[in-house]
Amino acid sequence: MRPIYLDYNASTPIDPLVAAAMRPFLEDHFGNPSSGHWAAAGAKAAIEDARSKVAQLLGAEADEVVFTSGGSEANNLALKGVAWAAKANGGHIITSAVEHPSVLEPCRFLSQHGFKITQVPVDRTGRIDPDDVRRAITPQTILVSIMHANNEVGTIQPLAEVSRITRTHGIRLHTDAAQSVGKIATDVGTLGVDLLTIAGHKLYAPKGVGALYVRRGTPLEPLIHGAGHEGGRRAGTESALLAVGLGTACDLARDLEPMEKVRVLRDRLWQRLRAKFDHRVVLNGHAEDRLPNTLNVSFVGRVGAEILAQLGGVAASTGSACHAGRVELSPVLKAMGVPSEVGMGAIRFSLGRGTTEEEIDAVADRLASVAVA
Ligand SMILES: Cc1ncc(COP(=O)(O)O)c(C=O)c1O
């Protein structure tokens, strides 16, 4: 059977326009962007053009964009960078129970170095309650980090409400927008955030590049010390090749129209599964406030990995892992309070620009034949 890719939240293919924009920087413009001669000029100008494109997508200024190696580095830079720079003002950070490991692990690291971390819980749909953030704030709180949209279930967090609270208290707000950039609007002014993480390979740019938006005036200690690249926020000779890839992808991502087609296909898959399985299939995540491409469903009483294995050639993810013969739910589903017999049957289908109606119907047909209890 023809392979079908429904794992766009894990990674996207490189858009052909992105690849085309990058090619000259693979083959020709090799100069060090920091050099003062002719061989540097093309690379330097391309990096600054790419920086403007990333900024434009976010409604930010170009000098507020720091290129990184990806989402994980951007999250590490946001958390450790602000923690280190602002520790004289206090050592308390608030985050949520459903963050990506690249937020949770830096928090764990910081907790081993004297910082105090509070994790606010989520409800059954995966949403935090902004009032929990309000209640968690202490005079020592220096940073709140709440993801924009969850990678597993797609639930979108009420960031604007959180930012009203953090602003009142003069606390910086970071969001991990690795999953939301290119899928929903991510204007930093509307969201009210001071730092925002982008991961290139989730939005049709290559792996190995990302960015951190840092609002002007936000204290930030670099993770990588060296020469003054990236406005002194990340040392190391910049890659024009990767910056151009991310810049072009961000330029394309300003058009959210293709996501409406994706939403229709996503809902078509859900409708077909509901029609076939009725109450034996359950939606994980928020019914409305959810990424338009993400469908996380549980086949009640079944094991997601076993269904996927029988689907043959369908790339998707499960919400559980098998450890020593026992099915262990993902930390996200656990935090949402999903019961074990529901969570173990979870499969995340994440669609993208390349998904077709034929593919969705083929997956629905295959599921109908293999997932019958
Ligand atoms: C929500 C979220 N944050 C951060 C990351 C990490 O991004 P990267 O793979 O670019 O390091 C991912 C990737 O899975 C993600 O889904």
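Visitor: In which sense do strand E7 and strand E8 pair, and over how many bridges?
Guide: This is a predicted model; local features need pLDDT of at least 70, side-chain atom pairs count only at pLDDT 80 or more, and totals for chains, interfaces and linings use all residues. Residues are numbered from 1 along each chain as its sequence is written, and side-chain values use heavy atoms, leaving out hydrogens and water. Strands (E, at least two residues) and helices (H or I, at least four) are DSSP runs numbered from the N terminus, and two strands pair if DSSP finds at least two bridges between them. E7 (residues 195-199) and E8 (residues 210-214) pair in the antiparallel sense, over five bridges.

Visitor: Which residue stands opposite Leu196?
Guide: Look across to E8. The residue opposite Leu196 is Tyr213.

Visitor: Which are the edge strands of the open sheet?
Guide: Seven strands run in the order E2-E8-E7-E6-E5-E3-E4, with mixed pairing. An edge strand here pairs on one side only. That gives E2 (65-68) and E4 (116-120).

Visitor: How are H1 and H9 oriented to each other?
Guide: H1 (residues 16-27) and H9 (residues 240-253) pack at about 160°, axes 8 Å apart. Axes are lines fitted to C-alpha atoms, for helices over the stretch in contact, and angles run from 0 to 180 degrees between N-to-C directions. Angles under 35 degrees count as roughly parallel, over 145 as roughly antiparallel, 65 to 115 as roughly perpendicular and the rest as oblique. H1 and H9 are therefore roughly antiparallel.

Visitor: Which strands does helix H2 touch?
Guide: Contact means heavy atoms within 4.5 Å. H2 (residues 38-58) packs on the sheet, its direction at about 115° to that of E2. The strands touched by H2 are E2, E7 and E8.
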